[in-house]
Amino acid sequence: MPERIVPGSFKKKHLAIFQDLGVLEYKKALELQIRIQQEKIDKIIEEDYLFFVEHQCVFTLGRRGGKENLTVSKKFLSAQNIDIIQTNRGGNITYHCPGQAVMYPVIDLEKNKIGVKDFVYGLEEIMKLTANDYDINADRNKKNNGIWVGNAKLGSVGIAIKRGISMHGLALNINPDLEPFSWINPCGLSDISITSIGKEKAQSKSMGKNYDFSMDRIKNSFIKHFSSVFDYIIR
Amino acid sequence: MKEINDLNLPEDLKYTKDHEWAKLSDGVITIGINDYAQDQLGEIVFVELPETGDTFEKDDEFGSVESVKAVSEIYMPVAGEITEINEGLEDAPELVNESCYDDGWIIKVKPDDMSQFEALLDKGAYIDMLKG
């Protein structure tokens, strides 16, 4: 007998190539995404890409800016050897540094029929599930997009879409030095704090359990959850 | 996201593959983003507009909409000169969600070549593209 196909359930999986860029300067990762996005628009390459990366310390601004949410002087930042980079993504000012896991999906949302709000919701879901892997109860917060533990932000999203192709993505604090976040109003919000998976585990009573904060561990969580949330085969 | 059958796609408008709509009236084309676009973008918090007098080629990026931390570019259905922008969107970008074909219009354009307007998709062809 022929296999019965239930209408609507016959859905092909999409395919993405996962690349671990290691620790890479923000500008270089930005250039790479712009190049891949353009090559996808020009149909030179068909594959969707997921770039996994940690950045050296850097502040980045959204398309609409966010410099006004810097609470220290530029001179101070220069002395710390930290750049401020204008970008084309949504959202306001944010901070990247080693110890923060970043993933940039350069994928064809249009072709794969993934709506923008569903895409952002899915990226939040990936961070939420990754936090759950560490027994942390993280969730969305109506204050702002991203993922939160109570009133403390654990992970952020920011996206730019050109001709249906995404770039930029998510940033989840694993175990970074959080002090530089106090030099900005993250995402333009002044009444919030920032947290990390490491900080939450240090504060929790569930010590005694050894958690692996390595980027390899996080990478596996991201791959697993991206695959299930967006119905992708990742290679 | 809305199902295709639930989309509000007026018969008297033209559409683009990038989900803009265009309407001709007295030689001027009014342009916005359609119900599919506003629905899949989510809550729009900012609309980046061009300036009156700017000129663009067909398919050029003329602005962007920001929703849920995502900036999406929007494109010219036809080549031409911007004759008017919807300044009301500066204070009320949510009009694009609430009324994408009326109060949420984005720009008005004096087209260079009317045949580009005629070649845009009608409702049926646009729906076929969405289904494809």
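Of the 132 residues of chain B, 42% count as buried, where buried takes 20 or more other C-beta atoms within 10 Å of a residue's own, with C-beta atoms placed from the backbone. Keep in mind that this is a predicted model: local features need pLDDT of at least 70, side-chain atom pairs count only at pLDDT 80 or more, and totals for chains, interfaces and linings use all residues. As for labels, residues are numbered from 1 along each chain as its sequence is written, while chains are lettered from A and ligands numbered from 1 in the order in which they are written.

**Confidence**

- Chain B averages a pLDDT (the predictor's confidence in each residue, from 0 to 100) of 96, and 100% of its residues score at least 70.
- For the complex, the predictor gives an ipTM of 0.94 and a pTM of 0.93.

**Chain B on its own**

- You'll find five helices and nine strands in chain B; these are DSSP runs, with helices being H or I of at least four residues and strands E of at least two, numbered from the N terminus.
- Walk along the sequence of chain B and the pattern goes β-β-β-α-β-β-β-β-β-α-α-β-α-α.
- The radius of gyration of chain B, taken over C-alpha atoms, is 14 Å, close to the 14 Å that the globule rule gives for 132 residues, so chain B is as compact as a globular protein of that length. That rule is 2.2 Å times the number of residues to the power 0.38.
- The C-alpha trace of chain B spans about 35 × 35 × 20 Å along its principal axes.

**Where the chains meet**

- Chain A puts 18 residues into the contact and chain B puts in 13 residues; two residues are in contact if their C-beta atoms, placed from the backbone, lie within 7 Å.
- On the chain A side, the elements giving two or more residues are α3 (116-133) and β9 (152-162).
- The largest share of that side, six residues, comes from β9(A).
- β9(A) and strand β7 (residues 70-75) of chain B run parallel, joined by three bridges; strands pair if DSSP finds at least two bridges between them.
- A:I161 sits opposite B:S72 in β7(B).

**A sheet in chain A**

- Three strands of chain A form an open sheet in the order β4-β3-β5, with mixed pairing.
- β4 (83-86) and β5 (94-96) of chain A are at the edges with a single partner strand each, so one side of each has no neighbour in the sheet.
- Strand β3 (residues 58-61) of chain A runs parallel to β4(A), with four bridges joining them.
- A:T60 has A:I85 in β4(A) as its bridge partner.

Terms used: A residue is buried if 20 or more other C-beta atoms lie within 10 Å of its own, exposed if 12 or fewer, and partly exposed in between; C-beta atoms are placed from the backbone.
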